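Morning, everyone. Please bring up the model on your screens, and we will walk through it together.

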Amino acid sequence: MRHDLPAPADLHLHSTFSDGTEPPTEVVARAAEAGLKTIALTDHDTVAGWDEAARATRAAGLVLIPGIEVSAKHRGRSVHVLAYLPDPNAPELAGLMARVRDDRVGRAERIARNIARDYPVSWDDVLAQRTGDATVGRPHIADALIAAGVVASREEAFAAILHPAGPYYVGHDAPDPGEVVRAIGAAGGVSIIAHPAGRGMLPDDVIRALIGDGLGGFELEHRENSAAGVAHLRGFVDQHDLIVTGSSDYHGIAGKPNRPGENTTAPEMVERIVRAASGTDPVLP
């Protein structure tokens, strides 16, 4: 059954329920101002913002594609897998997300305590930057550093104090991307690798294995992707008839320079996602 969801569509936005700087209602307002008609809220490893986003999109006349950005790791390198329209209560997917959230909090506290040796920022200061039940992460530490006057922006914090090569950094645990792709599929969702040609591409043999696990496609229109990497991944797209998305990866006006609608997903690709998913439904106005 066709849904003919309205365009343009931006399928990767974040709120304060993960590492965005604006609540879902405000994210939806920014999306509407940018002329978007279909959006996906894809907070990291949580669906806590879905209900607020659904209320806001209904009121604004937008379509919501409920989503998640699920954390994974391959040989120590972070891999982010976007899950569209999954059942969030599916045991395997819910368990993976809970495991990552629990580890993220402990990791953030360890990083914060390392930083506190040299800067006037405590763990309580970091917790004060959290909105509601949002999972604490490095962006909240960055916000605490801003509040303390140590840095002027998140970009400055991540370029120096929070940089992975810095003395305060602590790694985090995350499942293998194949495990994540299989869990998303078992939850009736569609899996898309976020910014796959950006910060370190997966090896071809891993990509082939993920396609075998049920990977739906790649987010090829994203400001972090390289042209050469995108061209290489299009070979997989053509060979396996994969889905291609384009998104902003918006984190709020104060979060990152990314802006809603700077990249969008073609209507036929949105339709393929909706037709392939069985975990939950788009939220219509």
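Predicted model: local features only at pLDDT ≥ 70, side-chain atom pairs only at ≥ 80, totals over all residues.

The largest pocket has a volume of about 1,200 Å³. It is lined by 48 residues. Closest to its centre are Ser78, His80, Arg138, Arg199 and Lys256.

Which of them gives the most? That is β4, with 5 residues.

So let's look at β4. How many of its residues are buried? The count is 8 of 8. Here is the general rule for a strand. In a regular strand, side chains alternate between the two faces of the sheet. You can follow that along β4. Gly67, Glu69, Ser71 and Lys73 point one way. Ile68, Val70, Ala72 and His74 point the other way. Both sets are buried.

The partner of β4 is β5. The two strands pair in the antiparallel sense, over 8 bridges. Together β4 and β5 form a hairpin, with 2 residues between them. In that turn, Arg75 has a positive phi of about 50 degrees.

Next, helix α1, residues 24-33. Its buried residues are Pro24, Val27, Val28 and Ala31. Seen down the axis of α1, these fall within an arc of 100 degrees, so they line one face of the helix. An α-helix has 3.6 residues a turn, so residues three or four places apart point the same way. What does the buried set of α1 pack against? The answer is β1 (9-13), β2 (38-41) and α2 (50-60). Just after α1 comes Gly35, with a positive phi of about 85 degrees.

Two of those packing partners, β1 and β2, belong to a sheet. This is an open sheet of 3 strands, in the order β1-β2-β3, with parallel pairing. The edge strands are β1 and β3 (63-64), and each pairs on one side only. Between β2 and β3 there are 2 bridges. Ile39 stands opposite Leu64 in β3.

Last topic: the backbone. Most residues other than glycine have a negative phi, and most peptide bonds are trans. We have some exceptions here. The peptide bond from Ala7 to Pro8 is cis, with omega near 0 degrees. Pro8 sits in the segment before β1.

Then there are two aspartates. Asp241 has a positive phi of about 55 degrees. Its place is the loop between α9 (227-240) and β8 (243-246). Asp249 has a positive phi of about 65 degrees. That residue is in the loop between β8 and α10 (267-276). Which are they, buried or exposed? Asp241 is exposed, with a relative accessible area of 53%. Asp249 is buried, at 2%.

That's my tour. Over to you for questions.

Conventions
Residues numbered from 1 in each chain as written. Heavy atoms only, no water. 1 Å grid on protein atoms, 1.4 Å probe; cavity = no way out; pocket = protein on both sides within 12 Å on 5 of 7 lines; lining within 4 Å. Points joined across faces, edges and corners; volume = space filled by probe spheres on them. Helix = DSSP H or I, 4+ residues; strand = E, 2+ residues; numbered from the N terminus. Buried < 20%, exposed > 50% of the residue type's maximum accessible area, 1.4 Å probe, protein only. Arc of directions from axis to C-beta. Contact = heavy atoms within 4.5 Å. Pairing = 2+ DSSP bridges.
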